[in-house]
Amino acid sequence: MTKTRRGPIRAAVPLIPAAALAALAVLVTGCSADADRDGDGRPESAGRAALAADAGTGATPDKARIAENVKSALEVRISTGEGRFGSGTHSPCATSSPKMFTEECGEAADYTREAARFALDEIDGRSGFATLGTAARKLDKAAATYRDLGCAKNPAAADARKACMDPAAVVAQGFSDLRDGANLGLAGK
């Protein structure tokens with residue numbers, strides 16, 4: 001009995017389906033992040049086109065497709081924000097961060113508030129997004145409170161600094177909460 005050696009072509013055959021999936025993922029998510037930007041460094045609504053296409057066909061889109069489109073559109077904003085500001089303990093708004101009382105946290109609060117409002121606009125009038133709606137409203141309120149209290153201006157009074165802790169913590173966790181809400185939206189929750 002002779003032994004045959006697997007050639008490089010034959011060994012690579014199992015990799016072809018994986019490469020095809022990777023190529024498909026690039027096509028589905030977009031070829032470049034710059035395509036989702038409108039020039040000011042903030043992403044455009046990536047999922048609005050898909051939602052509009054569903055509405056334009058006259059057919060009633062199924063809830064799963066709508067949820068996926070909302071999640072995809074929101075994910076662009078979340079990923080951009082996380083890349084720019086970080087998230088959780090890596091956020092400038094984390095209560096353990098020395099940047100919590102700086103304009104860097106203020107900018108993160110503004111951006112996360114925009115993402116929350118975007119989520120609320122996307123799910124307005126749609127059922128199956130209770131968790132995302134709750135998270136987005138909480139984040140919108142926390143970011144507004146952070147700004148209203150003047151937290152980004154390094155308040156000196158201890159009571160003012162203490163009042164900034166809760167909204168800053170919500171902002172720091174905001175991207176994760178929005179993502180979790182969008183993921184639960186896929187399950188209609």
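**Figure 1. The left-handed crossing of α5 and α7.** In this predicted model, the crossing of helix α5 with helix α7 is left-handed. The contact draws on A108, A109, Y111, T112, A115, A116 and A119 from α5, while α7 contributes V171, F175 and L178. The axes of α5 and α7, the latter comprising residues 158–186, come within 9 Å and cross at roughly 30°. Since angles under 35 degrees count as roughly parallel, α5 and α7 are therefore described as roughly parallel to each other.

**Figure 2. Helix α5 along its length.** Helix α5 covers residues 103–123, and its 21 residues should span 30 Å at 1.5 Å a residue, which agrees with the 30 Å that separates its end C-alpha atoms. The buried residues of α5 are C105, G106, A108, A109, Y111, T112, A115, A116, F118, A119, E122 and I123. After the helix comes G125, a residue whose phi is positive, near 80°.

**Figure 3. The packing of α4 on α7.** Helix α4, made of residues 63–85, packs with α7 at an angle of about 165°, and their axes are 9 Å apart. Because angles over 145 degrees count as roughly antiparallel, α4 and α7 are assigned to that class and are roughly antiparallel to each other. The crossing of this pair, α4 and α7, is left-handed. On the α4 side the contact is made by A64, A67, E68, K71, L74, E75, I78, S79, G81 and E82, and on the α7 side by F175, L178, R179, A182, N183, G185 and L186.

**Figure 4. A67 and its surroundings.** A67 is a residue of helix α4, and with a relative accessibility of 2% it counts as buried. When neighbours within four places in sequence are left aside, A67 is in contact with F129, G185 and L186. The C-alpha atom of A67 is separated by 9.7 Å from that of S127, although the two residues are 60 residues apart along the chain.

**Figure 5. F175 and its surroundings.** F175 belongs to helix α7, where a relative accessibility of 2% places it among residues that count as buried. Not counting residues up to four places away in sequence, F175 touches I78, G81, E82, G86, S87, Y111 and T112. F175 takes part in the contact of α7 with α4, and F175 is also listed in the contact of α7 with α5.

**Figure 6. Helix α6 and its buried residues.** Helix α6 runs over residues 130–148, and its 19 residues reach 27 Å from the first C-alpha to the last, close to the 27 Å expected at 1.5 Å a residue. Within α6, the residues L132, G133, A135, A136, L139, D140, A142, A143, A144 and Y146 are buried.

**Figure 7. The packing of α6 on α7.** Helices α6 and α7 pack at an angle of about 155°, with 8 Å between their axes, and they are therefore roughly antiparallel to each other. Helix α6 passes α7 in a left-handed crossing. The contact involves T131, L132, A135, A136, K138, L139, A142, A143, T145 and Y146 of α6, together with C164, P167, A168, V170, V171, G174, D177, L178, G181, A182 and L184 of α7.

**Figure 8. N154 in the loop between α6 and α7.** N154 is found in the loop that lies between α6 and α7. Although N154 is not a glycine, its phi is positive, at about 50°. N154 has a relative accessible area of 46% and is thus partly exposed.

**Figure 9. The protein as a whole, for orientation.** The secondary structure comes to 7 helices and 0 strands, and the order of elements from the N terminus is α-α-α-α-α-α-α. Of the 189 residues of the protein, 35% count as buried. The protein exposes about 11,100 Å², of which carbon and sulfur atoms supply 57%. Among contacts between residues at least 6 apart in sequence, 71% join residues at least 24 apart.

Terms used. Residues are numbered from 1 along each chain as its sequence is written. This is a predicted model: local features need pLDDT of at least 70, side-chain atom pairs count only at pLDDT 80 or more; totals for chains, interfaces and linings use all residues. Side-chain values use heavy atoms; hydrogens and water are left out. Helices (H or I, at least four residues) and strands (E, at least two) are DSSP runs, numbered from the N terminus. The expected span of a helix is 1.5 Å times one less than its number of residues. Buried means under 20% relative accessible area, exposed over 50%, partly exposed in between (1.4 Å probe, protein chains only). Contact means heavy atoms within 4.5 Å. Accessible areas come from the Shrake-Rupley method with a 1.4 Å probe; for residues, only the protein chains shown count as cover. Axes are lines fitted to C-alpha atoms, for helices over the stretch in contact, and angles run from 0 to 180 degrees between N-to-C directions. Angles under 35 degrees count as roughly parallel, over 145 as roughly antiparallel, 65 to 115 as roughly perpendicular and the rest as oblique. A crossing is left-handed if the near helix is turned anticlockwise from the far one by less than a right angle, and right-handed if clockwise.
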